[in-house]
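Work through the exercises below with the model open. Each task is followed by a stepwise solution.

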Amino acid sequence: MKLDILAIAAHPDDAEMSCAGALLAAASQGKKIGVVDLTRGELGTRGTPEIRAAEAAAASKILGLNARENLGLADGFFYNDREHQLPIIAAVRRYQPDIVLLNAIHDRHPDHGRGSQLASESCFLSGLKMIETLDENGQPQSAWRPRLVYHYIQDRQIAPDFVVDISEFWDKKWEAIQAFKSQFFDANSTEPITYLSTPAFSKFMEARAREFGHLIGVEFGEGFTRERTLGVRQLSDLV
């Protein structure tokens, strides 16, 4: 299946927290959207890989994703090398996205920055025909390089190069985030308290979205950084 936009995320729930609004906005315009999670999040303090897989499936339905898969790389222990690049290259060639959204270029969790660089380089390498990968039927894949690569902003404050207005889609984005019940605040949970599971973090996520929205004069926004200079066909393209 060819996708218009593919989000690649180090962990299940990264995309929901950081770029779900942009994906929903694209889907509302008839674009095909998908997510590839690099790991199962098996090092997480709360929940299990099986629980998080079920939560990711629930979030996918809420977002109306056209495709989602998990590459099963080792949480916390993947590296930017050939072994880990090849499955990402195969995924990029499988979905042939025009736009790819990646983890923040640096962040509180080291997997985010490392996953960002790994996926970015894999997107470039995916366009080299001399790198051979096979599809699910064992057939050679054609080279494919995404036209645009952006990085969503996560925990750490990074100045955005542009902000997407997600005001219309905030409620649906929040619903998708809450599908990950094991990870975020739940007054009835008996699991250990973590950085993500406090009421304060939930308030932070909303505050961050409101802050990005404020920058462009709307209620809610998502911030992104770019890898190359942005271009517009006319000044009226700007919000």
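**Exercise 1.** In which helix is Ser 116 found? Then decide: is Ser 116 buried or exposed?

*Solution.* The model is predicted.
- Step 1. Ser 116 belongs to helix H4, which spans residues 110-125.
- Step 2. The relative accessibility of Ser 116 is 2%. Buried means under 20%, so Ser 116 counts as buried.
- Step 3. A polar atom of the Ser 116 side chain lies 3.1 Å from the backbone oxygen of Asn 103.
- Step 4. List the surroundings. Leaving out residues up to four places away in sequence, Ser 116 touches Leu 102, Asn 103, Ala 104, Ile 105 and His 151.

**Exercise 2.** Which elements supply at least two residues each to the largest nonpolar core?

*Solution.* 
- Step 1. The largest nonpolar core has 32 residues. Ile 5, Cys 19 and Phe 184 are among those with the most contacts inside it.
- Step 2. The strands are S1 (5-9), S2 (33-39), S4 (99-102) and S5 (148-152). The helices are H1 (14-28), H2 (49-63), H5 (170-178) and H6 (199-215).
- Step 3. H1 gives the largest share of this core, 9 residues.
- Step 4. A second, separate core has 20 residues, including Leu 6, Leu 71, Phe 78 and Leu 102.

**Exercise 3.** Why do the buried residues of H5 lie on the same side of the helix?

*Solution.* 
- Step 1. The buried residues of H5 are Trp 170, Lys 173, Ala 176 and Ile 177.
- Step 2. Their arc around the axis is only 120 degrees, so they lie on the same side of H5.
- Step 3. Recall the helix geometry: with 3.6 residues a turn, residues three or four places apart point the same way.
- Step 4. The buried residues of H5 pack against H1, H2, H6 and strand S7 (221-226).

**Exercise 4.** Describe the largest pocket: how many residues line it?

*Solution.* 
- Step 1. The largest pocket holds about 1,200 Å³ of space.
- Step 2. Its lining has 31 residues. Ile 99, Tyr 150, Phe 162, Val 164 and Asp 237 lie nearest the centre.
- Step 3. H1, S4, S5 and strand S6 (162-165) each supply at least two lining residues.

Definitions and conventions: Residues are numbered from 1 along each chain as its sequence is written. This is a predicted model: local features need pLDDT of at least 70, side-chain atom pairs count only at pLDDT 80 or more; totals for chains, interfaces and linings use all residues. Side-chain values use heavy atoms; hydrogens and water are left out. A nonpolar core is a set of buried Ala, Val, Leu, Ile, Met, Phe, Trp, Tyr and Cys residues joined through side-chain atoms within 4.5 Å. Buried means under 20% relative accessible area, exposed over 50%, partly exposed in between (1.4 Å probe, protein chains only). Helices (H or I, at least four residues) and strands (E, at least two) are DSSP runs, numbered from the N terminus. The arc is that of the directions from the helix axis to the C-beta atoms. Contact means heavy atoms within 4.5 Å. A polar contact is a pair of N or O atoms within 3.5 Å; within protein, one must be able to donate a hydrogen and the other to accept it, and residues adjacent in sequence count only if both atoms are side-chain atoms. On a 1 Å grid over the protein atoms alone, a cavity is a set of points where a 1.4 Å probe fits but cannot get out, and a pocket is an open set with protein on both sides within 12 Å along at least five of seven lines; lining residues have an atom within 4 Å of a point. Grid points are joined across faces, edges and corners, and a volume is the space filled by probe spheres set on the points.
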